[in-house]
Amino acid sequence: MADLVKRKLDVIENADPSGRSGSDDPWHAFRNVERLDMELHFQFKHSLGKVSPFFLALEEKRLLATRCPECGKVWMPPRVHCGDDLAITEWVEVADNGVLEAASLSAYTLTTGGGKDTLILGYVTLEGTDTAMLQQIRNCPDHEKLVPGAAMTVKWATEPVDHPMQLFWFELAD
């Protein structure tokens, strides 16, 4: 029978990494993997809800976090309620520098076009906050410098962007 899936690339049979086969391999029924050549396009309207002040402040090159009036914990990214005691939080402006907690490099993501660029994401705890924020790290040719405790700074976009989270990113501090 002719292949009815036009975008099918192939079917791969993945071997068990432990070398098991047949009934000794608990995953034997899941070893055939079909690969497709697909393009995904989505467009939707999305409300940023109660955390909209955070995104609006980004347009002014300001970082807003939320502070719990009960325990004093400063949440970044902001939360409407304190994750510890559920109190309604209040907005506070925070510094644009901090320290790297962890970083991850990916050469293949939907947004990097399958390996043309490397995407680096990092958890950074900004000065004056109690939680780390996940955001893109840019302009770091020496990835070995991305170690926990490295000083980081916020950089701001100078051109229009599609989403407010693209207005800033982290870079290693000078």
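Is Lys-73 buried, partly exposed or exposed?

Mentor: Happy to! Keep in mind that this is a predicted model. Your first point is quickly settled: Lys-73 has a relative accessible area of 21%, so Lys-73 is partly exposed.

Lys-73 has a charged partner. Asp-84 forms a salt bridge with Lys-73, and their closest N and O atoms are 3.3 Å apart. This pair links distant parts of the chain, with Lys-73 in the loop between β3 and β4 and Asp-84 in the loop between β4 and β5, 11 residues apart. Asp-84 has a relative accessible area of 53%, so Asp-84 is exposed.

Now for the strands themselves. Three of them form an open sheet in the order β4-β3-β5, and the pairing is antiparallel. Because β4 (74-75) and β5 stand at the edges, each with a single partner strand, one side of each is left without a neighbour in the sheet. Between β3 and β4 there are two bridges, in the antiparallel sense. Follow Arg-67 across, and you find its bridge partner in β4, Val-74.

Arg-67 lies in strand β3 and Glu-90 in strand β5, so the pair ties together parts that are 23 residues apart in sequence. Arg-67 counts as partly exposed, at 33% relative accessibility, and Glu-90 counts as partly exposed too, at 34%.

Arg-62 is partly exposed, with a relative accessible area of 28%. As background, side chains of opposite charge can pair when their charged atoms come close. For the structure as a whole, the count comes to 10 salt bridges.

Next, the nonpolar side of the story. The largest nonpolar core has 26 residues, and Leu-63 and Phe-168 are those with the most contacts inside it. Among the elements that give two or more residues to this core are α1 (52-58), β3 (63-67), β5 (90-94) and β7 (119-126).

Take Leu-63 as your guide. Setting aside neighbours within four places in sequence, the contacts of Leu-63 include Leu-58, Met-76, Val-92, Val-94, Leu-126, Trp-156 and Phe-168.

Finally, turn to Val-94, in strand β5. At 12% relative accessibility, Val-94 counts as buried. The C-alpha atoms of Val-94 and Leu-63 are separated by 5.7 Å, though the two residues are 31 residues apart along the chain. Beyond residues up to four places away in sequence, Val-94 touches Leu-63, Ala-65, Val-74, Met-76, Leu-126, Glu-127 and Thr-129. In general, nonpolar side chains tend to be buried together in soluble globular proteins.

Note on methods: Residues numbered from 1 in each chain as written. Predicted model: local features only at pLDDT ≥ 70, side-chain atom pairs only at ≥ 80, totals over all residues. Heavy atoms only, no water. Core = buried A, V, L, I, M, F, W, Y, C linked by side-chain atoms within 4.5 Å. Buried < 20%, exposed > 50% of the residue type's maximum accessible area, 1.4 Å probe, protein only. Helix = DSSP H or I, 4+ residues; strand = E, 2+ residues; numbered from the N terminus. Contact = heavy atoms within 4.5 Å. Pairing = 2+ DSSP bridges. Salt bridge = Lys/Arg side-chain N within 4 Å of Asp/Glu carboxyl O.
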